[in-house]
Amino acid sequence: MSVLTRDEAQTRAQLIDVQRYTIDLDLTRGADTFDSTTVIGFTTRTAGDTFVEVRPAALRSVTLDGHPLDPAALDDNRLPLTGLTPGPHELRVEAAMAYSHTGEGMHRFTDPTDGETYTYTQLFMEDVQRVFAAFDQPDLKAVFDLTVTAPDGWTVLANGVTEDLGDGTWRAATTPLLSTYLVAVAAGPWHSVRTEHRGLPFGIHCRRSLAPYLDADAEEILGITRACYDRYHEKFEEPYPFDSYDQAFVPEFNAGAMENPGLVTFRDEFIHRSAVTDTERQTRAMVIAHEMAHMWFGDLVTLRWWDDIWLNESFAEYMGYQTLTEATRFTGTWVDFGVARKAWGYDADQRPSTHPVAPDADAVPDTASALLNFDGISYAKGASALRQLVAWLGEKDFLAGINTHFRRHKFANATLADFIASLAHHTDRDVHAWADTWLRTTGVDTLTATVTEHPGQTALTLTRDGSRPHRITVGIYDRDLIDGATLVRRELSEVDLPADGEHSLPGPRPALVVPNDQDLTYAKIRLDPHSEEAALRGLSRVPDPLTRAVLWNCLRDMVRDGELEPLTYLEAARAHLPGERELANVQGVLAFARTQIADHYTTPTERPDALALLTDLCTDLIRRTEDGSDPGLRLTAVRTLIDSAAHADTIRDWYDSGSVPGGPELDPELRWRILGRLCVLGAVDDAVIEAELTQDPSATGRQGAAHCRAALPDPEAKRAAWDAMFTTDELSNYLFTATAQGFWQPEQNDLLHPYVARYFPDAVAVAHRRGPAIADAAGRHAFPAHAIDTHTLTLGESCIADDDPIPALRRRLADQLDDLARALKIRTATAAS
């Protein structure tokens, strides 16, 4: 497919203005294709040539100003429009379009639970062309009139309020000016819960088979929605700009959610069929807040070109966490951000593929390169930078600048320069210099504390390895005089780096000094030796959960940088997680310990000890929660114990009895989790998988079965899984991912060895055939991450250099190989010590 370049977009925007799209979709034409008729009203400023994008299964007819054009002129996804004269024009395109099973374009899904079918759009970046013809770039906004013909019994949702005209025909209200990628349709026999808030229709929607689970959480979801809506109206002077607010939880969705104006789509795993922790509920609430923020950041004011994607994602990320903290019961959201989300940014920023939060336009020359920037930089690092900006600028001036930005550019497009100009209007601070140092640079600064004792006083020196200014808070802690173990904060000081230099600390040498104590900046920290020892011995005795998150991140970064042995981190987890009161910290630490340390950073000979330590830790946590005092902690410990089990006996007993002794009862998620681990250990066969699938024939059941079958230590099972992923092209995006996640297992290294070399050419081939979504899944989930050796590195480097992987796969491979090289370095350093 031809990708749109920035130069082409600029040329087209100089030539034409687009006023209106009138779109008619017919979803009654069968299981493979739907009909799409598009009429585009546009104006040409001068005489010239351009093109419209469309990717049809069959292009039936095209007329321009009533004159037919030759459908055979379609070149890949581009239909030339030549000899345009100045003035108004009308383009009409009639086509059959293919349904997608990879979450791109118009995705079609049949629910195995009840046989009901659902369709929804995901038009982000360049997938609108799979649904209707369009001048597909964000700065050619237009109004949209949409009509959909759907099967009997279906409901059609869209960006505006929809009206049932009878005979299966639905009409959506005319939209305000939108970018093409924000148009949305969701059609099917939805189960809906509708209400009204401040005179605006609100609705939440899901598959019928998930109706009981949506109903159980409806008040929580709608309550979060109302609270965020009200808080945004306190922050923003521009009112919510659309006529309704629907949230549809849709199957096999590739992202967490998508900010379509008036119709946000979410992955329907957020409708919980099984028990979840309160931190997971908080995550769902944050995504709701994030997507609602996009109604202003991204939808009302939209980027001009994809180099400014941070203007959408970083702002929605920051606003989501901050607003959730201010407006809901989830007041500890920044802890979860610090221990989990922020680590995503740190990791991405230390790879060769890192990029500035706001890259130069030349660094994003086309849509294929732009798609690669939806990563930990644009989300977590960008949100961290904005949190630092608020600390430096002050929230009052920050919000004043935002509101000026909305007022100047509503229903239009804007750039970084526009945003900085809006901020500068409300402050004497040099926000242009701030943007240059924070948004135009790459990498992670490191802040190091040095404590020096002098006669009668103690001196603290903070040094910065990096180039950015930082406004931070520094925590000074002493041991409690009574119990001698609890760490008590002596003071919390604001410090500007690099300006402040050495600080005199009154009183005796503190037990612990924590730079960036409240996590206001984006930087790795290093403790002085005395503080490092205090943290390893007394981390659970630090009073503030956000400070503990900062310290856990410090230890995590030290492991990744080869400065702390992986088993030392595990021992710290074993010592302190039983006393950790913040579940987000427990989940973040256990996730890193289980997936990174046990599976990647420890050698094969060390891995059994790592898994045994994790099993002992989780057993302790389960024992401590037998009284039902902390079900979230208990569930987290049960999950991690299952994933860490090196022997089948205990978890097989749980599976057979249907319960963990003392609870919880095994719900579908836990049953599939246990069965997956039993498959890895060779303790069950396909007959057990089939019996479980009969008991749970849902979509998630099918995914669980695919995962389990791929995980069996059986040559035929591995061959079948490999063919399903890389040969038949029949797996949907979710079934591909489930199969890939089951396939590679460190316990099965000898069985899997022949597939390592096969992976690279097969991944390149399937990515070329099936496109970016499957390419991303192949690079993220199907990569042989367990094969930590120079042979795998050499194969991967040769693949990138010689085999021409598509950009989405190339980026994933580069990141995976960098992570593999880091793991190999850590293993080598550990062995040498």
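**Contacts, helix packing and backbone features**

User: With which residues is Gly 30 in contact, leaving aside its neighbours within four places in sequence?
Analyst: Contact here means heavy atoms within 4.5 Å. Gly 30 lies in the loop between strand E1 (16-26) and strand E2 (33-44), where helices (H or I, at least four residues) and strands (E, at least two) are DSSP runs numbered from the N terminus. Once its neighbours within four places are set aside, the contacts of Gly 30 are Tyr 99 and Arg 108.

User: What kind of model is this?
Analyst: Residues are numbered from 1 along each chain as its sequence is written, and side-chain values use heavy atoms, with hydrogens and water left out. Local features need pLDDT of at least 70, side-chain atom pairs count only at pLDDT 80 or more, and totals for chains, interfaces and linings use all residues; the model is predicted.

User: How far apart in space are the C-alpha atoms of Gly 30 and Tyr 99?
Analyst: Gly 30 counts as partly exposed because its relative accessibility is 33%; buried means under 20% relative accessible area, exposed over 50%, and partly exposed in between (1.4 Å probe, protein chains only). Gly 30 and Tyr 99 are 69 residues apart in sequence, and from C-alpha to C-alpha they are separated by 9.8 Å.

User: How are helices H7 and H10 oriented, roughly parallel or roughly antiparallel?
Analyst: The axes of H7 (residues 377-393) and H10 (residues 431-439) come within 12 Å and cross at roughly 150°. Axes are lines fitted to C-alpha atoms, for helices over the stretch in contact, and angles run from 0 to 180 degrees between N-to-C directions. Angles under 35 degrees count as roughly parallel, over 145 as roughly antiparallel, 65 to 115 as roughly perpendicular and the rest as oblique. H7 and H10 are therefore roughly antiparallel.

User: How many nonpolar, polar and charged residues are in the contact of H7 with H10?
Analyst: H7 contributes Ala 385, Gln 388, Leu 389, Trp 392 and Leu 393, while H10 contributes Val 431, Trp 434, Trp 438 and Leu 439. Ala, Val, Leu, Ile, Met, Phe, Trp, Tyr, Cys and Pro count as nonpolar, Asp, Glu, Lys and Arg as charged, and the others, Gly among them, as polar. In this contact there are eight nonpolar, one polar and no charged residues.

User: How are helices H24 and H26 oriented, roughly parallel or roughly antiparallel?
Analyst: The axes of H24 (residues 772-780) and H26 (residues 807-832) lie 8 Å apart, and the two helices pack at an angle of about 15°. It follows from this angle that H24 and H26 are roughly parallel.

User: In which hand does H24 pass H26, left or right?
Analyst: A crossing is left-handed if the near helix is turned anticlockwise from the far one by less than a right angle, and right-handed if clockwise. The crossing of H24 with H26 is right-handed.

User: Is Glu 692 buried or exposed?
Analyst: Leaving out residues up to four places away in sequence, Glu 692 touches Tyr 655, Arg 671, Trp 672 and Leu 675. With a relative accessible area of 3%, Glu 692 is buried.

User: What is omega for the peptide bond between Leu 497 and Pro 498?
Analyst: Pro 498 is placed in the loop between strand E25 (487-497) and strand E26 (502-505). The bond joining Leu 497 and Pro 498 is cis, with omega of about 10°.

User: What is phi of Asp 519?
Analyst: Asp 519 lies in the loop between strand E27 (512-514) and strand E28 (524-526), and at 6% relative accessibility Asp 519 counts as buried. Its phi is a positive value in a residue other than glycine, near 60°.
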